[in-house]
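Have a look at the structure first, then read on.

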Amino acid sequence: MNADIRIAVLDPRWRRSLARTEAVVRQAAVAALESFSGGPIAIALGDDAMLRELNRDFRGLDKPTNVLSFAASQGAGDVALAYETCRREARQQHKSFARHVRHLVVHGTLHLRGFDHETAEDAFAMEARERRVLRRLGLPDPYGARKAA
């Protein structure tokens, strides 16, 4: 697949903490896009302040979050990640930073292709797709005890 993926590293801590930052992010996005067509996507690697502002302005939640996705027409859209939240979650979950970031990029990219987790049925389908993509990347199941069929 020759996906049009643009990556903007807006916080220098991403490069200090994640070797080959753009390559890691691109690999996860391309894996998530396999078998999907659609327009270009942009991935912004920012900080908690940026994600807090986006979360507040677009979701009405005045707090930072790990990843947000903004779908546009024809499968195009934007994904944004917050450095501090991603880093903290990786530590809390005893995962490498790179592994956690790959999962969040896959998660956010799948949102651009119409997946969501608003209902239990939708969450099940999205998690199953995430598991398949992450398995192709050689990563373990991020949901652990919650098993998909």
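Let's start with a helix pair in this predicted model: α2 and α5 make a right-handed crossing. Below is how that pair meets, followed by the overall picture.

**How α2 and α5 pack**
- In general, a packed helix pair is described by the angle between the two axes and the distance between them.
- Here the axes of α2 (residues 21–33) and α5 (residues 97–112) come within 8 Å and cross at roughly 40°.

**Who touches whom**
- On the α2 side, the contact uses Val24, Val25, Gln27, Ala28, Ala29, Ala32 and Leu33.
- From α5 come Ala98, Val101, Arg102, Val105, Val106, Thr109 and Leu110.
- Sorted by class, the contact between α2 and α5 has 11 nonpolar, 2 polar and 1 charged residues.

**Fold layout**
- The protein has 6 helices and 4 strands.
- Reading from the N terminus, the elements go β-α-α-β-α-β-β-α-α-α.
- Take the contacts between residues at least 6 apart in sequence: 61% of them join residues at least 24 apart.

**Size and burial**
- The radius of gyration is 14 Å, which agrees with the value near 15 Å that a compact globule of 149 residues would have.
- Along the principal axes, the C-alpha atoms fill a box of roughly 40 × 35 × 30 Å.
- Of the 149 residues, 46% are buried.

Methods. Residues are numbered from 1 along each chain as its sequence is written. This is a predicted model: local features need pLDDT of at least 70, side-chain atom pairs count only at pLDDT 80 or more; totals for chains, interfaces and linings use all residues. Side-chain values use heavy atoms; hydrogens and water are left out. Axes are lines fitted to C-alpha atoms, for helices over the stretch in contact, and angles run from 0 to 180 degrees between N-to-C directions. Helices (H or I, at least four residues) and strands (E, at least two) are DSSP runs, numbered from the N terminus. A crossing is left-handed if the near helix is turned anticlockwise from the far one by less than a right angle, and right-handed if clockwise. Contact means heavy atoms within 4.5 Å. Ala, Val, Leu, Ile, Met, Phe, Trp, Tyr, Cys and Pro count as nonpolar, Asp, Glu, Lys and Arg as charged, and the others, Gly among them, as polar. The radius of gyration is taken over C-alpha atoms; the globule rule is 2.2 Å times the number of residues to the power 0.38. Buried means under 20% relative accessible area, exposed over 50%, partly exposed in between (1.4 Å probe, protein chains only).
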